[in-house]
Amino acid sequence: MGAAAVVLPDRAGPGAARNRGAAGARGDYLAFTEDDCAPAPDWLAAGGARLAREADRPPDVLEGATLLPDGRPARRRHEGRPTWLPTNLFVRRSFFERVGGYCEKFFDARGGIYFREDSDFGFTATAAGARVLFDPAPRVTHPREHGGWLDPIRWARRYEMDPLLASRHPDAFREEIEVVRLGPFRLRRPFVRACAGYVLALLAAAAAALIGEPGVAAWFAGLAVVMALAVWAKWGFDPRKLPAVLVVPPVLLLSLARGRARVRPAG
């Protein structure tokens, strides 16, 4: 059994790359991973073995385990729901074609930004009634992300794709994207809220100082520090990343605004 490389003439993002690869594949199932991942030597064999056991009722999607170098899951599965990480995903060809593959709009060629195309595929597949199985036997190791000191800024820029996902799947976006569950309670988008709180508190502190209210200014400045600590916590309070982290909130909010501007004409 041979292999062939499919090369796109222009940079078009991971969604387009996966779609072109799928179009050139020949099997009943498509096996997806990513260029920075290290599949276990028996990755394909393990996935194929599970699919063979399900031959009487073949699943639309089989999700394997994506692990960090220390063996922990790269993304936690909430209430048994799939993560839809394309680092370790086996998708039945006929189903992939039926749902239209990956949406290629989640990419900005000018900035090289891509994000949320995996969530979009998952929401689309779920709406189409996908039968999804999870099996820890097919294993892939994913490196830790955000290692560089400027990576928080690059990460924040990806939020430009959130409005597109929200416009395509409004209910699923609200219920699934960055929702923290605390018993019966749900806190939606706490990180985005912390970023907005940081920026608003800084603006309020500056305005209070300008009108001669130092006590009010100090109170808002303290609130900005609290919000900054909440943002910094995402990167484990790494002191090397602190300068970049302080820039993350305005970058993230501007990225969301750009994303809304991109979606609005299409609506």
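F32 has L89 as its bridge partner in strand 4. This pairing belongs to a predicted model, in which strand 1 and strand 4 (residues 89-92) run antiparallel and are joined by four bridges.

The two strands are part of an open sheet of five strands, arranged in the order 1-4-3-7-2 with mixed pairing. Its edges are formed by strand 1 (29-32) and strand 2 (38-39), each of which pairs on one side only.

A separate feature of the model is a nonpolar patch on the surface. The patch is formed by V180, L182, F185 and L187, which together have about 390 Å² of accessible area. At least two of the patch residues come from strand 8 (179-182), and at least two come from strand 9 (185-188). L182, which lies in strand 8, has a relative accessible area of 54% and is therefore exposed, since the term applies over 50%.

Cysteines form the last topic. A disulfide is a covalent bond between the sulfur atoms of two cysteines. How many disulfides does a search of the whole structure find? The search returns zero disulfides. C37 is classed as buried because its relative accessible area of 12% falls under the 20% limit. C195 is likewise buried, with a value of 0%.

The accessibility of the individual residues discussed above is listed here.

| Residue | Relative accessible area | Class |
|---|---|---|
| L182 | 54% | exposed |
| C37 | 12% | buried |
| C195 | 0% | buried |

Key:
Residues numbered from 1 in each chain as written. Predicted model: local features only at pLDDT ≥ 70, side-chain atom pairs only at ≥ 80, totals over all residues. Heavy atoms only, no water. Pairing = 2+ DSSP bridges. Patch = residues over 30% accessible without salt bridge, like charges linked within 9 Å, V, L, I, M, F, W, Y side chains within 5 Å. Areas by Shrake-Rupley, 256 points an atom, 1.4 Å probe, with all protein chains shown as cover. Salt bridge = Lys/Arg side-chain N within 4 Å of Asp/Glu carboxyl O. Buried < 20%, exposed > 50% of the residue type's maximum accessible area, 1.4 Å probe, protein only. Disulfide = S-S within 2.5 Å.
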